Amino acid sequence: MKIPYLLIISAVIILCSCNKGNDDSLSILDKAIVQREQYDQKHMLLQDSLRTELNTTLDQAKKWIIAQKLEKIFYYHNIDSCHVYAIKMMKFSSGDMVRSATSKVRYANCLYRMDSISKAHSVFESIDKSLLDTESLKGYCDAGYHIYSSMMKNDNAYVDKCSRILDKWWQADSLSVEPVFYRNRFRRSMGLSHDTDIINRLARCSSSSLNDLAKINFYMAREYAHAGETEKAIDCYARSSA
């Protein structure tokens, strides 16, 4: 996952409004902004290459793989394009039950991010999770949590469903930052036992890639903001953007 560029702007606004930023945070933000154009160029080239390959390939299985790559590229940057390729994934499933289930997971994730909660819920409930591999199961739990947490605002019946899918997500992927953050936030909001040292717990999450480090810093920033520690939140936001 790449942290959306909007976070850079958000951090700048926080820095300007509270005047509590430090030189290190500003330096990191400057670097992130300078690198934005290079980042865009790199991904435009990749997108163009994959689109060309998608349009020239006749094999449905290969088309599905390419559509999946494009869906992942757009997921955090252009949700409308992401929606297009999630639909293509389902189209190119070609009756393959495993690919069909995986495609529905990606489509449900896309729909909840577009605030199409009712449709996302319908797609989500149609997924046969027994067909999902480990990675897709994580995406399934991600979608389920966000769909149920949205629906429980108007229907308390979804509180238990939300709790159970968070537990499933955490058990399947307890070293990744998202399930650790969201499960703890949910339990705290419900007045249940939760990790009071969540920031250190987040810092110990898996960080095998630069994207992992970006996510860890992003969620640590949210926890620092919740605790009222503005300067630490700003620093983590800056590092997640870089």
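Which residues does S136 touch, not counting residues up to four places away in sequence? S136 touches T102 and V105, where contact means heavy atoms within 4.5 Å. S136 is found in helix α7, and at 10% relative accessibility S136 counts as buried (buried means under 20% relative accessible area, exposed over 50%, partly exposed in between, with a 1.4 Å probe and protein chains only).

This is a predicted model, in which local features need pLDDT of at least 70 and side-chain atom pairs count only at pLDDT 80 or more, while totals for chains, interfaces and linings use all residues. Residues are numbered from 1 along each chain as its sequence is written, and side-chain values use heavy atoms, with hydrogens and water left out.

N109 lies in helix α5 (residues 97-113); helices here are DSSP runs (H or I, at least four residues), numbered from the N terminus. N109 touches Y75, G139, D142 and A143, again not counting residues up to four places away in sequence. The C-alpha atoms of N109 and G139 are separated by 7.5 Å, although these residues are 30 apart along the chain.

Helix α6 (residues 117-125) packs against helix α7 (residues 134-151) at an angle of about 135 degrees, with their axes 10 Å apart; axes are lines fitted to C-alpha atoms over the stretch in contact, and angles run from 0 to 180 degrees between N-to-C directions. That makes α6 oblique to α7, given that angles under 35 degrees count as roughly parallel, over 145 as roughly antiparallel, 65 to 115 as roughly perpendicular and the rest as oblique. I117, A120, H121, F124 and E125 in α6 meet residues of α7 that include Y140, A143, G144 and I147.

A search of the whole structure finds eleven aromatic pairs (rings of Phe, Tyr and Trp, the last by its six-membered ring, pair if their centres lie within 6.5 Å; planes under 30 degrees apart count as stacked, over 60 as edge-to-face and the rest as tilted). One of them joins F181 and Y219 in a tilted arrangement, 4.6 Å centre to centre with 35 degrees between the planes. This pair links distant parts of the chain, with F181 in helix α9 (residues 177-189) and Y219 in helix α11 (residues 210-226), 38 residues apart. F181 and Y219 also belong to one aromatic cluster with Y145, W169, Y182, F218 and Y237.

| Residue | Relative accessible area |
|---|---|
| N109 | 1% |
| F181 | 2% |
| Y219 | 4% |

Technical notes:
Helix = DSSP H or I, 4+ residues; strand = E, 2+ residues; numbered from the N terminus.
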